[in-house]
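Please consult the sequence and the structure before reading each solution.

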Amino acid sequence: VRYGLAINTPYGLKTEYNDDWVGRYYAIKSELMTINVAPTVAWKVNEEWSLGAALNIQYAEAELTNATRLNNVALADALTTLKGNDLGFGFRVGTMYEPTDSTRIGLAYQSGIHHKLEGDVKTILGSTLIGAASTDNAEAKLRTPDVASLGVYHKLNDRLAVMGELAWTNWSVFENLTVVNSDTGSVLSNVEEKWDDSYFMALGMEYNPCNCPNKRFQFGVAYDQTPVDDEYRTFRIPDEDRLWVSFGYGQEWGEDKSFTVGYSHIFVDDASVVENASSTAKGVVSGSFDASVDILSANFKMKF
């Protein structure tokens, strides 16, 4: 039996535009941060089977801002800001099967977490009324998706091992981004998202050039499918399909310490967005995004 504690950020995003950009009535700043604390227990049943479970304790915090056009054209735009946070709970379970010393097969399931982000919506007026503000108590429901994954590792020989992963994410639970006045129950804003379930597929290789048990090079590619349909893509989350290319190096010191460093480049498909609200005050805004991501990571692990 083994016990562990993991702290990470499973979901997060941030997009931010200039305050005076043409689509400011749809979005200026969108930020989501989550911190997940997971006490974990694992049990090695025998030489072939292991089981694991974790409790997910997740804090979520969000901020959304946009401009609002005022009826009086002599006044500058108002700035509307929504801030909210919540603490939610979920779980994760998994099993690993080792039919031989060189092969491992893992299955895992992570539950979705229901968040009710509670905070306030503040509107600050512009022009000669700068500083004048109104504040309403508000809430927005957010459900993180269920995730199921399958991973396989196979050691071909003393120098080369291959691995793969397939993961399904239940993003179809994200249908609307709705903000409600928590005092009156009236809807302050509602955006159709209608996300789809998505898949993540990865293939990797681990290579030991000198048959040294404590040194290894790692290479991998992955396809990360967007859950966002073209029809419902927004300026807050202009997401598209992604192709990952990664490589890294790892080294071990004895049986209890190891260090790895890795680099990933993510090629993101060009994304196009057209937003056309029923309110003529927001106008029709269209645009395109050309994006890529670079990630550099380092990891030190100690067993005790």
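The model is predicted: local features need pLDDT of at least 70, side-chain atom pairs count only at pLDDT 80 or more, and totals for chains, interfaces and linings use all residues. Residues are numbered from 1 along each chain as its sequence is written, and side-chain values use heavy atoms, with hydrogens and water left out.

**Exercise 1.** Determine whether Glu-206 and Arg-216 are buried or exposed, and characterise their pairing.

*Solution.* Step 1: apply the salt-bridge criterion, a side-chain nitrogen of Lys or Arg within 4 Å of a carboxyl oxygen of Asp or Glu. The closest N and O atoms of Glu-206 and Arg-216 are 3.3 Å apart, and a salt bridge is formed. Step 2: locate the partners; Glu-206 belongs to strand 13 and Arg-216 to strand 14, 10 residues apart (strands are DSSP runs of E, at least two residues, numbered from the N terminus). Step 3: both residues are buried, where buried means under 20% relative accessible area, exposed over 50% and partly exposed in between (1.4 Å probe, protein chains only).

**Exercise 2.** Classify the accessibility of Arg-233 and Asp-230.

*Solution.* Step 1: the two residues form a salt bridge, with the closest N and O atoms 2.9 Å apart. Step 2: Arg-233 is buried because its relative accessibility is 2%. Step 3: Asp-230 is exposed because its relative accessibility is 54%.

Definitions and conventions:
Helix = DSSP H or I, 4+ residues; strand = E, 2+ residues; numbered from the N terminus.
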